[in-house]
Amino acid sequence: MAHRTPVTFSQSNGMLQSLSGCCPSFLNGQAGFFLVKRAKGARLHTLDGAVLHDFWLDDGRLPFGHAPRFTGQEQKNHVSTGILSGYAQPVHVRLLARLSRILPGYSLAFIAPSSIHRLEGVPHIKNCSRTAFVFSPSLLADDERPALVLVNGTLGVDILAWLPGQLEELPDPYWPDSVSTVRALSVLARLSGPHAPWPVCAALSERFVKIAGRFVEDRKGSSLRIALDEKFFQPLLNEGLYLARTGWIHFCTEHDPATVDRLARVIVHLKESPCV
């Protein structure tokens, strides 16, 4: 692996320090801390001018990458008519109607994040608030029929689904902003259509496995997990590669196959090199 100039994030850390001790203590001195100025496709553009290939992707919730083109125009249209958070709109009905095709027999309602805590500890709830459509195109297995389902994940809006007679108290009426909702509707339509991301992500995952498969410790769908030592993160950043400390690697339709191959080779080098 060729030597790379170390990537530093002095501007990001300088801005963090400007909070004068008000920032969370876990951020102080954290290696590789950076602020993202913008993101597009599979790339993060940091405040410091570095461009990083993102293999975290909000913990797998961005299978189409950052700011996918198919959501942009509709979101702009809704911005122009007002964000309208708290008001019921046609886009809310369209999203629930499409989701009802995946969850036949369930009643559906948006739920405020502040109300979710009331559901904690309910034994018959299926919590997909982080994993919905992250590892699979299916929300529930064929033999699964939980009484309550909490949906968020790739959609990015909180929706509660319940079977008849299984919810003692209906959630308070809640309508998320139109921009978030129209994005969720666009993503859900893509997830279930001919342009679904799963085949592309699976192919990229297999490319990685062919090179670095012996270091893969877990797999869910097209996502992979490897064990990463803290000392690996700076060399990865030097190569323009961003991974989360959990070791999970997620792929999206915007990843370049050559970059996936490079990621795999860098990880092999780091794992096998005694000098790292």
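Strand 8 and strand 9 (residues 223–226) pair in the antiparallel sense over four bridges, where strands are DSSP runs of E with at least two residues, helices are runs of H or I with at least four, both numbered from the N terminus, and two strands pair if DSSP finds at least two bridges between them. This is a predicted model, in which local features need pLDDT of at least 70, side-chain atom pairs count only at pLDDT 80 or more, and totals for chains, interfaces and linings use all residues. Residues are numbered from 1 along each chain as its sequence is written, and side-chain values use heavy atoms, with hydrogens and water left out.

- Three strands form an open, antiparallel sheet in the order 8-9-11, and its edge strands, which each pair on one side only, are strand 8 (216–220) and strand 11 (248–249).
- Across the pairing, K220 stands opposite S223 in strand 9.

- F133 touches I102, L139, T154, L155, L188, L191 and W198, not counting residues up to four places away in sequence, where contact means heavy atoms within 4.5 Å.

- F34 lies in the loop between helix 1 (10–17) and strand 1 (36–40), and F34 is buried, with a relative accessible area of 13% (buried means under 20%, exposed over 50%, and partly exposed in between, with a 1.4 Å probe and protein chains only).
- Leaving aside neighbours within four places in sequence, F34 is in contact with F9, S12, L44, T46, L52, L237 and Y242.

**The cavity**

- The count comes to one cavity of 30 Å³ or more, a cavity being a set of points on a 1 Å grid over the protein atoms alone where a 1.4 Å probe fits but cannot get out, with lining residues having an atom within 4 Å of a point.
- About 70 Å³ of space lies in the largest cavity, a volume being the space filled by probe spheres set on the points, which are joined across faces, edges and corners.
- The lining of the largest cavity includes L57, G60, W198 and H250.

Technical notes: On a 1 Å grid over the protein atoms alone, a cavity is a set of points where a 1.4 Å probe fits but cannot get out, and a pocket is an open set with protein on both sides within 12 Å along at least five of seven lines; lining residues have an atom within 4 Å of a point.
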